[in-house]
Amino acid sequence: MDEAAFRQRLAAMEQRPCAFAKAVLTRCVSCARSERVQIAEREIILCQSAASCSRCVELHDHLRHGFSFALKRLHEDEPLPHAQEMRIQCGGLKGLRQVMVGDPVVDDVDALLADAWQKWSGAAAIPYSAVVHAAALCYKGRHG
């Protein structure tokens, strides 16, 4: 399947793309709400819950902002290279879990976010500087 046909088919079926798809695909984290879908030779991750998807998108946006200094990014809206996106997704989720419970293993992103929302009353109050610092310790990337 060529790239244009893949993009058309993806756009036609993708209802709720997972905000942390790269992390889930690489098995850096797992999530009870994720669904793996095959399109041709490719695999994508969709979210089974609108509420969970919204919460993840909100957290991803805050993580991206929180990581902007660490990633040396001046403009938050420009696309990121894969390695930097992995630092935000894997590192951010592992760092959040480390800050919350002292263990970086993320078995369920949805449960982690539900606990974080309960503890801090939403994404805005999460201590992102502590999360970014913990992420640097918990996630080293492919070569670290």
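A residue counts as buried when its relative accessible area is under 20%, as exposed when over 50%, and as partly exposed in between, using a 1.4 Å probe and protein chains only. By that rule E85 is buried, with a relative accessible area of 9%.

Here is how to read the rest. This is a predicted model, in which local features need pLDDT of at least 70 and side-chain atom pairs count only at pLDDT 80 or more, while totals for chains, interfaces and linings use all residues. Residues are numbered from 1 along each chain as its sequence is written, and side-chain values use heavy atoms, with hydrogens and water left out.

**Salt bridges**

Side chains of opposite charge can pair when their charged atoms come close. A salt bridge here is a side-chain nitrogen of Lys or Arg within 4 Å of a carboxyl oxygen of Asp or Glu.

| Salt bridge | N to O distance |
|---|---|
| R33 and D110 | 3.2 Å |
| R36 and E43 | 3.3 Å |
| R64 and E85 | 4.0 Å |

Let us start with R33 and D110, which form a salt bridge. This pair links distant parts of the chain, with R33 in the loop between α2 (21-25) and β1 (34-39) and D110 in helix α5 (residues 109-120), 77 residues apart. Helices (H or I, at least four residues) and strands (E, at least two) are DSSP runs, numbered from the N terminus. R33 is partly exposed at 36%, whereas D110 is buried at 11% relative accessibility. Both belong to a network of salt bridges that also takes in R55.

In the pair of R36 and E43, R36 is partly exposed at 33%, and E43 is partly exposed at 31%.

R64 and E85 make another salt bridge. R64 sits in helix α3 (residues 50-67) and E85 in helix α4 (residues 82-101), so this pair ties together parts that are 21 residues apart in sequence. R64 is buried, at 17% relative accessibility.

**Cysteines**

A disulfide is a covalent bond between the sulfur atoms of two cysteines. The rule used here asks for a pair of cysteine sulfur atoms within 2.5 Å, and the count comes to one disulfide. That disulfide joins C28 to C90, with an S to S distance of 2.5 Å. C28 lies in the loop between α2 and β1 and C90 in helix α4, so the bond ties together parts that are 62 residues apart in sequence. Both C28 and C90 are buried.

C53 is in no disulfide either, the nearest cysteine sulfur being that of C47 at 4.9 Å. C53 is buried too, at 10% relative accessibility.

**Cavities**

On a 1 Å grid over the protein atoms alone, a cavity is a set of points where a 1.4 Å probe fits but cannot get out, and lining residues have an atom within 4 Å of a point. The whole structure has three cavities of 30 Å³ or more. The largest cavity has about 80 Å³ of space, a volume being the space filled by probe spheres set on the points. Of its 14 lining residues, the closest to its centre are C18, C31, R33, C47 and C56. The largest share of this lining, three residues, comes from α3.

How values were computed: 1 Å grid on protein atoms, 1.4 Å probe; cavity = no way out; pocket = protein on both sides within 12 Å on 5 of 7 lines; lining within 4 Å.
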